[in-house]
Amino acid sequence: MADQTAALSDWQESNANDVATQLKVDPQKGLSETQAQRRLERYGRNAIEEEKESLLVRLLKNFWGPIPWMLEAAIILAAIARRWEDLAVIAAMLLINGGVSFWHESKAQSAIAALKQRLAPSARVIRDGRRKELPADHLVPGDIVLLRMGDVVPADAKLLPDQHLSIDESALTGESLPVDKDESAPAWSGTTVKRGEARVLIAATGRNTKFARTVELVESAEETSHFQKAVLRIGYFLIGITALLVAAVVAVTLLRGDPWGQVLIFALVLTIAGIPQALPAVLTVTMTVGANRLAAMKAIVSRLAAMDEIAGLQVLCADKTGTLTKNELELQEPVVLAAEDENDLILAAGLTTRRDGDDPIDNAILGAFADPSILDRYDIADFRPFDPTRKRAEADVRSESGTITVAKGAPQVILDLVGSDDDLRREIGDRVQDLGERGFRALGVARKSGDDWEYLGLLPLLDPPREDSKAVLDDAKRHGIDIRMVTGDHAAIAKQVAGQIGLGRTIPEAAALFGEDATRIEPEERHRVTEADGFAQVTPEHKFAIIKQFQADNRIVGMTGDGVNDAPALKQADVGIAVADATDAARAASDLVLTEKGLGVITHAIDEARRIFERMTSYATFRITETLRVLLFVSLSILVFDFYPVTAIMIVLLAILNDIPIMTIASDNAPTADHPVRWNMRRVLTVAGVLSIAGVIESFILFWFLQTQLALPEETIQTMMFLKLLVAGHMTIYMTRTQGWFFTKPYPSLLLFLTLEGTQIVGTLFAAFGILVHDITWAQVGLVWGYSLVGFVIIDGLKVLTYRIMGREQKTQAGRHRAAEAPA
């Protein structure tokens, strides 16, 4: 498909006639059907095309990674050993784990599809001098299109001479007020006509539109969650340990002359023991339970891994228009000049409004009336609506004292209408400047009785904050979250809103932070990004780059928004949040979609996410601990003592009985942190390492006692060691779920407690009655239980000490970091 910009240079700055000349089109007759067909073949459809991976490729990607590799290795070993039952079970595990995340992967495609839906489905076009209606994707550069109020602009266009429109660009720029357009300013694809009718000349279609560049940013958004990275790190760590130990066991046992079959079987069971096959499922179920709870709070989680990101949210970039504010203008305190009072000023402005229209300024004025029906008492003889050329609206009103004329419009336009002296011009100029510095847009109102006009006053307008914005932001700050405002509006407006909702007022304009490349921040300006309270006059490219800058600073970033202009940043952010009434594009690009107005649910989501994080951290610590305990104990027993401490079936039973209770960890009671939390693998591995080493020592002490002091048979020792690994392993869950002693709050949920104790009882009965294992006496069962309980308390104390030492180290490092950052 040809690049349109090569054939059409500088069309945005050129006048419409010059653009028409370049495109070889008669603005009155339009293109011929032959011309249009050739251009359609050359430039392609006026649509957003994207490359798609095949279903097979997307499916196979789910079977590539550390955990799938381990399962696939186990399948190969099972096939070599001809253990077909084991092969079937492991293959089922692999298929289930691969299918869990398969349906989550189409997020970018859905975002692009929603963006495509914002293109107007049809357009009124002039071809061969006749008006016809065509699908919008059939438009080509050079087409003449008719636009009127309510239409979505179908492609980037130039207004023809003497044509005027008022266009809502909030979906692209975040500006809350409509923008007046004439032939000097482009009309962008995806924006909406609010007032007027006009003929426009299509200058760019499809991928060459400004709207499509937003899509390209969505496509380029990178998305690897911290949750996914943590799972990969755990997987790589366990795969390395397993491979090392299996290789050592195989080498030593073969050198000793052990049978090949026995060696392969134990290589297989050690591989199974090292595979955290339930890891993805447990973490997914845990996040799903939390997502269901959030759904009941009117917040839909579209990407489960985002639950982890929400827990660690450090910076929230909140879009101003429609998120922090109502996205509707409200009249502020009027500035009275010649009017009798505020009511007289507002009444005069109200007489120039159209009550059955959808003009945001008219609606703001009408909203100031306690009872708008008071306007029905007045007889409007003639109404002249707002015209982008005249920049004012007028009405002739009959009253008992005669006919008066009222007008409202831009302050300078009303000054020219009144024909004021220099003093009034200075006063109006000063008042307008003061209002502008405070973030208000000013509207002038005048009245004529007889031949003389009077400047009645000024009406300040502002898109006000939502009623709950300040409370929600205060709550977010109490949760340790940094709030930054992002808006397409001017800095003065942003500062005014920031002051009302309790944010700081250091809000630079985005253009001051960026070089010519709007997606890259100049090195010397990077500190201003992290130090700013917000950003004004931002484009989609700016938002995208701001998010990436915070991420480069190693911060977990959230972004709220509702428009097409927000979609790239929502997709790039670690947590994209689409507010109520957001466009489909914003929702598709988001991780969290709010279904009712207000941001209050965000803090509830953060609380729930932090509880989920504690559950996932607890499980990850447990899983690593138990895997290392079993692998190290079994491997060292074989390598050092030439003794198989458990049989292959015992390891399979351990894997099954361990996985049953941990599936209920999703409903466990968990503490709620008052600060952002994130994966600290050094911390997790340190605790798991201490617990696993202590557990291995505990196991070898019992093994030594049973073998040397009691001189029990090999089969009895194996069953007692199996029971010890089961009972002590289950008790480890009670340890890892809290950083304090196991008996401190929050207590385990009833479901977790019952499943833990239930599977311990089942394993005990297997040992006592010889089910799949050699039977042992009840006295021997009691010995194992008593020993495990004593070891549990001792190791739990070791865990508490480990956390305290790490806590002191963390405080010391934080103090050094603050001292290093302090000015000399």
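## The loop holding V152

V152 sits in the loop that joins β3 (144-148) to β4 (156-159); helices (H or I, at least four residues) and strands (E, at least two) are DSSP runs, numbered from the N terminus. V152 is partly exposed, its relative accessible area being 25%. Buried means under 20% relative accessible area, exposed over 50%, and partly exposed in between, with a 1.4 Å probe and protein chains only. From V152 to K194 there are 42 residues in sequence, and the C-alpha atoms are 9.6 Å apart in space.

This is a predicted model, in which local features need pLDDT of at least 70, side-chain atom pairs count only at pLDDT 80 or more, and totals for chains, interfaces and linings use all residues. Residues are numbered from 1 along each chain as its sequence is written, and side-chain values use heavy atoms, with hydrogens and water left out.

## The protein as a whole

The protein has 30 helices and 23 strands. It has 824 residues, of which 54% count as buried. Contact means heavy atoms within 4.5 Å. Among contacts between residues at least 6 apart in sequence, 72% join residues at least 24 apart.

Axes are lines fitted to C-alpha atoms, for helices over the stretch in contact, and angles run from 0 to 180 degrees between N-to-C directions.

## L316 in strand β11

L316 belongs to strand β11. Is L316 buried or exposed? L316 counts as buried, at 4% relative accessibility. G576 is 260 residues from L316 in sequence, while their C-alpha atoms are 9.6 Å apart in space.

## Helices α25 and α27

Two packed helices are described by the angle between their axes and the distance between the axes. For helix α25 (residues 600-641) and helix α27 (residues 681-709), the axes come within 8 Å and cross at roughly 40°. That makes α25 oblique to α27; angles under 35 degrees count as roughly parallel, over 145 as roughly antiparallel, 65 to 115 as roughly perpendicular and the rest as oblique. Residues in the contact include T617, I624 and F633 of α25, and V684, L691 and S699 of α27.

S699, in helix α27, is buried, with a relative accessible area of 2%. Not counting residues up to four places away in sequence, S699 touches F633, M721, K724 and L725.

## Helix α29

Helix α29 (residues 750-769) has 20 residues. From first C-alpha to last it reaches 28 Å, close to the 28 Å expected at 1.5 Å a residue; the expected span is 1.5 Å times one less than the number of residues. Buried residues in α29 include L752, L756, T759 and G763. After α29 comes G770, whose phi is positive, near 70°.
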